[in-house]
Amino acid sequence: MIRSIPSRSTIFTPRFSNRFRVLLTALLVSVSLSGCQQFVIISYLLHGPPTIEPDFDAETGESMSNPGVTVAVVCYAPTKLKWKFPQLDEQVATHLAFRLGQNHITMIHPDYVKAWLDEHPDWEKASEIGKAFKADYVIEVELADFTLHEGSSTTLFRGRTEAYVNVIKVDEEGYGDRIFTKEIDFAYPTRVPRTSSDVSLGEFQKEYLSMLSERIGWLFYERFHGDMIGWAS
């Protein structure tokens, strides 16, 4: 959840449809099987598909989904990227915060974080944000590269992001230590680029930021093996 969170129904793509397709496929397959194979499929339908443990949980033994845990997100974009995408850092932070909130992680509202950053332009460490909001963790996204076009094409869209995702754990006195770092190299769609005749650049940017937030979010909440089925084109 996100503190004082507004409606987010227009920001994110629902996850239900992909899972429903996976479960429906499993049901159809089970009809043609027998014996222990049917037992496996029935168990799959009753208990759900196997999930993948978040990298953060696996590497640190901690979880952002634990009760009472509060998380803030901040994003840094170099000047060369902000020339082309002036609000890129705010957009990435906002999409990620809402995505994590959708997946049962209690977030500091991104508008509050943005207001604090505006009031403290000389901030240096992510732990300062954690201290200001009494957050247990601060997720820091450092963008190295970001593009929405396929190579040098002006009519083909394929988003690509290179970034480092760091987690700073903040203690009760407001001091922080980096306990997790992961490099992200993410492209979407994964196989076939979109064309300008199918979608506008603005629409594609919104869709890509939603998918990027999902990809980063998987570092912190469970996902299913079939979640990337619809990402090819």
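Student: How do H5 and H8 lie to each other: parallel, antiparallel, perpendicular or oblique?
Tutor: This is a predicted model, to be clear from the start. H5 and H8 are oblique to each other. Their axes cross at roughly 55 degrees.

Student: Within what distance do the axes of H5 and H8 come?
Tutor: They come within 9 Å. H5 covers residues 88-102 and H8 covers residues 201-217.

Student: Is the crossing of H5 and H8 left-handed or right-handed?
Tutor: Right-handed.

Student: Which residues make the contact?
Tutor: From H5, Leu88, Gln91, Val92, His95, Leu96, Arg99 and Leu100. From H8, Gln205, Lys206, Leu209, Ser210, Met211, Leu212, Ser213, Glu214, Ile216 and Gly217.

Student: How many of those are nonpolar, polar and charged?
Tutor: The contact of H5 with H8 has 8 nonpolar, 6 polar and 3 charged residues.

Student: New topic. How many aromatic pairs are there?
Tutor: The structure holds 12. One of them joins phenylalanine 56 and tyrosine 137. The geometry is edge-to-face, with 5.6 Å between centres and 85 degrees between the planes.

Student: Where do phenylalanine 56 and tyrosine 137 lie?
Tutor: Phenylalanine 56 is in helix H3, and tyrosine 137 is in strand S4. The two parts are 81 residues apart in sequence, so the pair ties them together.

Student: And phenylalanine 56, buried or exposed?
Tutor: Buried, at 0% relative accessible area. Tyrosine 137 is buried too, at 5%.

Student: What about phenylalanine 186 and tryptophan 231?
Tutor: They form an edge-to-face pair, 5.7 Å centre to centre and 75 degrees between planes. Phenylalanine 186 sits in strand S6, tryptophan 231 in the segment after strand S8, 45 residues apart. Both are buried.

Student: Which residues do ring pairs link into a cluster?
Tutor: Phe85, Phe146, Phe157, Phe186, Tyr188, Phe204, Tyr208, Trp218 and Trp231.

Student: Last one. Where is leucine 219?
Tutor: In the loop between H8 and S8. Leucine 219 counts as buried, at 1% relative accessibility.

Student: Which residues is leucine 219 in contact with, leaving aside neighbours within four places in sequence?
Tutor: Pro54, Asp55, Phe56, Val165, Phe180, Lys182 and Ile184. Aspartate 55 is 164 residues away along the chain, yet its C-alpha and that of leucine 219 are separated by 4.9 Å. Phe56 on that list is the residue that pairs with tyrosine 137.

Methods. Residues are numbered from 1 along each chain as its sequence is written. This is a predicted model: local features need pLDDT of at least 70, side-chain atom pairs count only at pLDDT 80 or more; totals for chains, interfaces and linings use all residues. Side-chain values use heavy atoms; hydrogens and water are left out. Axes are lines fitted to C-alpha atoms, for helices over the stretch in contact, and angles run from 0 to 180 degrees between N-to-C directions. Helices (H or I, at least four residues) and strands (E, at least two) are DSSP runs, numbered from the N terminus. Angles under 35 degrees count as roughly parallel, over 145 as roughly antiparallel, 65 to 115 as roughly perpendicular and the rest as oblique. A crossing is left-handed if the near helix is turned anticlockwise from the far one by less than a right angle, and right-handed if clockwise. Contact means heavy atoms within 4.5 Å. Ala, Val, Leu, Ile, Met, Phe, Trp, Tyr, Cys and Pro count as nonpolar, Asp, Glu, Lys and Arg as charged, and the others, Gly among them, as polar. Rings of Phe, Tyr and Trp (its six-membered ring) pair if their centres lie within 6.5 Å; planes under 30 degrees apart count as stacked, over 60 as edge-to-face and the rest as tilted. Buried means under 20% relative accessible area, exposed over 50%, partly exposed in between (1.4 Å probe, protein chains only).
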